Amino acid sequence: MAKLKSQAIRVVELKEHEYLQLVENTIKLEALKIAGIEKMAIYKAMEHILNNQHIDILIKPLSRRYR
């Protein structure tokens, strides 16, 4: 869950299990980089999408149903 506290200071609140999943995913990605995934086309495609902002990361859910 992300919450915008003010225009100057942005704070992201994470539940404990979300934080642990973020750490686990980061470790997995670093291990894949060591294994050489950066040379593969799928990694390059992911980097292209993230760097060129082809996706929108929303701060608030679109519907309360998805909270």
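Glu30, at 39% relative accessibility, counts as partly exposed, a class between buried (under 20% relative accessible area) and exposed (over 50%), computed with a 1.4 Å probe and protein chains only.

First, the conventions. This is a predicted model, in which local features need pLDDT of at least 70 and side-chain atom pairs count only at pLDDT 80 or more, while totals for chains, interfaces and linings use all residues. Residues are numbered from 1 along each chain as its sequence is written, and side-chain values use heavy atoms, with hydrogens and water left out.

Let me begin with the overall arrangement. The protein has 2 helices and 2 strands, in the order β-β-α-α along the sequence. These elements are DSSP runs numbered from the N terminus, with helices being H or I of at least four residues and strands E of at least two. Of the 67 residues, 3% count as buried. The accessible surface comes to about 6,600 Å², and carbon and sulfur atoms account for 59% of that surface; the areas come from the Shrake-Rupley method with a 1.4 Å probe, and for residues only the protein chains shown count as cover.

Next, confidence. The average pLDDT, the predictor's confidence in each residue from 0 to 100, is 78 for the protein, and 64% of the residues score at least 70. Among the elements, helix 1 has the highest mean pLDDT (93), and strand 1, residues 2-3, the lowest (58). Where pLDDT is low, the predicted coordinates should not be read in detail.

I turn now to helix 1. Helix 1 has 20 residues and reaches 29 Å from first C-alpha to last, close to the 28 Å expected at 1.5 Å a residue; that expected span is 1.5 Å times one less than the number of residues. After helix 1 comes Gly36, with a positive phi near 100 degrees.

How many salt bridges does the protein have? The count is 2, where a salt bridge is a side-chain nitrogen of Lys or Arg within 4 Å of a carboxyl oxygen of Asp or Glu. One joins Lys28 to Glu24 at 3.0 Å, N to O. These two residues are 4 apart in helix 1, so about one helical turn separates them. Lys28 is partly exposed at 45%, and Glu24 is partly exposed at 43%. Lys33 and Glu30 form a salt bridge at 3.7 Å, N to O; both lie in helix 1, 3 residues apart, about one turn of the helix. Lys33 is partly exposed, with a relative accessible area of 27%.

Finally, the nonpolar patch. Val12, Leu14, Tyr19, Leu20, Leu22, Val23 and Ile27 make a nonpolar surface patch of about 670 Å². Patches are made of residues with over 30% relative accessible area and no salt bridge, with nonpolar side chains (Val, Leu, Ile, Met, Phe, Trp, Tyr) joined within 5 Å and like charges within 9 Å. Helix 1, residues 16-35, gives the most, with 5 residues. Leu14 is found in the loop between strand 2 (11-12) and helix 1, and is partly exposed at 45%.
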